[in-house]
Amino acid sequence: MSDPYTLTYPYDAPPANGTIQEVAPGVYWLQMPLPMSLKYINLYLLEDDDGWTVIDTGIRGDETRELWQTIADDCLQGKPITRIVCTHMHPDHTGQAGYLFETWRAPLYMSFREYYQARNMFTMMSGPNWQMTEYFQRTGLTFDFQGRIQNRKSDFQPQQQDRPIPPSFIRLTDGDTFRASGQDWQILTGSGHSPEHVCLYSPDLRILISGDQILPIITSNVSVFPSEPEGNPMVGWLASHERFKQLLPNDILVLPAHNLPFYGVQERLQQLIDHHEDRMLIIEENCVEPSTAVDLLPHLFNRKLEDHTRFMAVGECIAHIHCLMGRGRLERILDNEVYHYRSIDPSLLKRAHPKGHKPLADTPEVT
Ligand SMILES: [Zn+2]
């Protein structure tokens, strides 16, 4: 059977560190390394006569900062960076925003919710509290999550040489037009992976800069976090995909933040919808007898989950569970301080996995 989700990739590999590659008139692609399993992030530059707009900035630390210096020296033709756009709050996208903001006196453009969530990130990681402890207890996790959270806190704390997120920003809102590289870019926002993720779409260039909202190979993490324990991000994620399917023609080139640029946005959006619906079906099937979130993990992730990935996988599992609860398909029972989930009407269950479905490469990471 042919794979109904076939994508095509016009480039075999990303540009080498410290170099840029033109992918359309005035639109350039570069990569920066990442310490986690993702290995690198794609960033983009939009060129105008008076300077450059940076789309996403890379993770904090000396290596990326030095690469930015190389890019400025070798690739920017003596023109300044005039604007910084961060698609969303995650540290691999915002990590160098403060450095670029101060070095170039360039304003930061973000959506309202992403900006304040980025500023709030260190507060959210500021250590265990009763509510966070309760959240993890109720998932069924038994490892030393409090110690783990403390370790993660140190991962996220800015080092002395890192500059914090800039103290001001210019708001991007869905429906705005952002003029760059001689083109009108439409601002499209989505939610689920982060609260108000910005994508930039040029109908004339037939290009979408998608950030983490649409990735071609890995799946973006969609999680419930202890900072919003009753959150339901999967509803927004699926709704965003349906909306983007309505808005985007299939012949556009998608420039994602991870993996390679690709064609086939309609296939990919449908594949991601099918993937999450499939995950939810698996959860329902395994909750005919009450199950905890931790009990469900081996059914959702076919690889060993340790430490941070286990922590993120639980959040992703609960995102699917809360979506099912909202649909009236699962009920939640608190038993001995742990939540158990039970299918409300197992007679409705039938195997309906999409044709040609293959498990996707889940990546429970903060991308
Ligand atoms: Zn992300």
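# Strands, helices and cores

Analyst: Let's start with leucine 46, which stands opposite threonine 53 in strand 4. The model is predicted: local features need pLDDT of at least 70, side-chain atom pairs count only at pLDDT 80 or more, and totals for chains, interfaces and linings use all residues. Residue numbers start from 1 along each chain as its sequence is written.

User: What makes strand 3 and strand 4 a pair?

Analyst: Five bridges join strand 3 (residues 40-48) to strand 4 in the antiparallel sense. Two strands pair if DSSP finds at least two bridges between them, so five bridges qualify. A hairpin of two residues connects strand 3 to strand 4.

User: And what joins strand 4 to strand 5?

Analyst: Four bridges do that, and strand 4 and strand 5 run parallel. Tryptophan 52 stands opposite isoleucine 81 in strand 5. To get from strand 4 to strand 5, the chain crosses through helix 1 (residues 62-75), in a right-handed β-α-β crossover. Right-handed means that, with the strands pointing away from the viewer, the path from the first strand over the helix to the second runs clockwise.

User: Why do strand 1 and strand 7 stand at the edges?

Analyst: Seven strands form an open sheet in the order 1-2-3-4-5-6-7, with mixed pairing. Strand 1 (21-24) and strand 7 (170-171) each have a single partner strand, so one side of each is left without a neighbour in the sheet. Strand 1 pairs with strand 2 (residues 27-33) over three bridges in the antiparallel sense. Alanine 24 sits opposite valine 27, and glutamate 22 opposite tyrosine 28. Their hairpin has two residues between the strands, and there glycine 26 takes a positive phi near 80 degrees.

User: Which strands stand at the edges of the six-strand sheet?

Analyst: That open sheet has the order 8-9-10-11-13-14, also with mixed pairing. Strand 8 (177-180) and strand 14 (262-263) stand at its edges, each with a single partner strand, so one side of each lacks a neighbour in the sheet. Strand 8 runs antiparallel to strand 9 (residues 183-190), with four bridges between them.

User: How do you know that strand 4 is mostly covered?

Analyst: Four of its five residues are buried. A residue is buried if 20 or more other C-beta atoms lie within 10 Å of its own, exposed if 12 or fewer, and partly exposed in between, with C-beta atoms placed from the backbone.

User: Why can we say that the buried residues of helix 5 line one face?

Analyst: In helix 5 (residues 130-139), the buried ones are Tyr135, Phe136 and Thr139. Seen down the helix 5 axis they fall within an arc of 85 degrees, so they line one face of the helix. Exposed residues Trp130 and Glu134 are carried on the face turned away from the buried side. Just after helix 5, glycine 140 takes a positive phi of about 100 degrees.

User: What makes a set of residues a nonpolar core?

Analyst: Members are buried Ala, Val, Leu, Ile, Met, Phe, Trp, Tyr and Cys residues joined through C-beta atoms within 7 Å. Of the 60 residues in the largest one, Tyr44, Val54, Ile84, Leu100 and Leu208 touch the most other members. Apart from that core lies another, of 21 residues, including Cys287, Leu296, Ala313 and Leu324.

Terms used:
The arc is that of the directions from the helix axis to the C-beta atoms.
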